[in-house]
Amino acid sequence: MSLKGLSAVVTGSTSGIGLGVAERLAAAGADVMLNGSRAPEQAEAMRAAMATKYGTRIAYTAADMTKEADRNRLIESTVAAFGGVDILVNNAGIQFVSKVEDFPLDKWDEVISVNLSSIFHLIKLVIPGMKARKRGRVINIASVHGLIGSTKKAAYTAAKHGLVGLTKVVGLEYCTHGITCNAICPGWVRTPLVERQIEAIAKEKGISIDEAVIDLLSEKQPSLQFATPAQLGGLAVFLAGDDAAQINGTSIAMDGGWTAR
Ligand code: NAD
């Protein structure tokens with residue numbers, strides 16, 4: 001699958017799934033704009049290493065997706081660096097775990113803002129350029145929680161269900177412009193976001209980290225294995241390519257069977 005000559009923006013791409021997606025897009029030949037909140041020298045080291053490894057143009061913009069000026073700067077700097085945005089991967093996301101009655105209102109607002117509203121705003125920014133070039137790929141990293149629910153994840157589940165809905169509407173509205181919009185719905189992936197949940201289980205149940213991992217997987221993910229950021233990156237590469245031109249508005253789970261039950 002060659003994405004040579006195409007440019008991609010991946011939000012929240014200095015760790016976890018976003019980094020895995022960015023690396024696979026670069027390995028497939030795309031120029032990639034990384035995004036995060038790393039210290040400048042750390043970000044530059046990461047950018048330079050990826051550019052050397054994959055031989056494509058890699059850039060980095062520090063930007064907070066909840067801030068309008070930062071979102072504008074991310075897209076403007078990508079257009080300045082690569083001439084446009086062909087592929088937008090909305091990956092930046094946060095989690096907060098609490099029962100509804102105890103859920104802090106500011107945490108509800110924050111999760112909805114990062115995991116849903118900022119994605120709507122970013123999509124709005126890239127659509128005109130994609131329409132002008134008659135080609136575009138929007139790939140939203142949703143979650144199994146865009147398809148089903150879990151206790152203590154009200155804001156996350158609401159945001160991810162909203163994102164699956166937004167994916168359908170964007171796919172429908174722009175399908176005659178060579179633009180597709182699809183969601184990837186991972187189950188458990190061992191990233192910093194999940195590491196914090198594993199630590200919480202270990203603490204709550206008084207068990208080791210290894211035992212907490214088994215506990216976490218066996219409750220939900222029938223394969224008893226994590227999906228990896230690289231595997232999710234492989235799916236993103238497929239969705240970004242020409243073979244996926246007629247896959248639109250859909251959600252693809254990579255969850256070891258979680259949602260098959
Ligand atoms: P992660 O914490 O490693 O990555 C999230 C990234 O988003 C981080 O780099 C963080 O800096 C960035 N981010 C957070 N808020 C931001 C903001 N306001 N502006 C810009 N960047 C911001 O976690 P991850 O597991 O790699 O999560 C990536 C995505 O995958 C998220 O949307 C998450 O909901 C989703 N997801 C993860 C799992 C999993 O098991 N890890 C499962 C399903 C879905």
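The report below moves from the sheet to the helices, then to the domains and a few single residues.

This is a predicted model, in which local features need pLDDT of at least 70 and side-chain atom pairs count only at pLDDT 80 or more, while totals for chains, interfaces and linings use all residues. Residues are numbered from 1 along each chain as its sequence is written, and side-chain values use heavy atoms, with hydrogens and water left out.

Let us begin with the sheet. Helices (H or I, at least four residues) and strands (E, at least two) are DSSP runs numbered from the N terminus. Seen this way, 7 strands form an open sheet with parallel pairing, in the order 3-2-1-4-5-6-7. Strand 3 (58-62) and strand 7 (251-254) stand at the edges with a single partner strand each, so one side of each has no neighbour in the sheet. On average, neighbouring strands here are turned by 20° against each other, direction ignored. Two strands pair if DSSP finds at least two bridges between them; strand 4 (residues 87-90) and strand 5 (residues 136-141) do so over 4 bridges, in the parallel sense. Along this pairing, Asn90 stands opposite Asn140 in strand 5.

Next come the helices. Contact means heavy atoms within 4.5 Å. Axes are lines fitted to C-alpha atoms, for helices over the stretch in contact, and angles run from 0 to 180 degrees between N-to-C directions.

| Helix | Strands it lies across | Angle |
|---|---|---|
| Helix 1 (residues 16-27) | strands 1, 2, 3, 4, 5 and 6 | about 170° to strand 1 |
| Helix 4 | strands 4, 5 and 6 | about 175° to strand 4 |

Helix 4 (residues 105-133) also packs with helix 3 (residues 68-82): their axes come within 10 Å and cross at roughly 40°. This crossing is right-handed, meaning that the near helix is turned clockwise from the far one by less than a right angle. From helix 3, Arg71, Asn72 and Ile75 meet Ser118, His121, Leu122, Leu125 and Val126 in helix 4. The residues of this contact divide into 4 nonpolar, 3 polar and 1 charged; Ala, Val, Leu, Ile, Met, Phe, Trp, Tyr, Cys and Pro count as nonpolar, Asp, Glu, Lys and Arg as charged, and the others, Gly among them, as polar.

How is the chain divided into domains? Domain 1 covers 7-187 + 227-254 and domain 2 covers 189-226, with bounds from an automatic or database domain assignment. Their centres, taken over C-alpha atoms, are 25 Å apart. Domain 1 gives 15 residues to the contact and domain 2 gives 10 residues.

Finally, some loop residues deserve a look. Buried means under 20% relative accessible area, exposed over 50%, and partly exposed in between (1.4 Å probe, protein chains only). Thr191, in the loop between strand 6 and helix 6 (192-205), counts as buried at 8%. Leaving aside neighbours within four places in sequence, Thr191 contacts Gly16, Ile17 and Pro229. Gly178, in the loop between helix 5 and strand 6, is partly exposed at 31%. Gly178 and Arg135 are 43 residues apart in sequence, yet 4.5 Å apart from C-alpha to C-alpha.

Most residues other than glycine have a negative phi. Lys152, however, has a positive phi of about 70°, and Leu224 has a positive phi near 60°.
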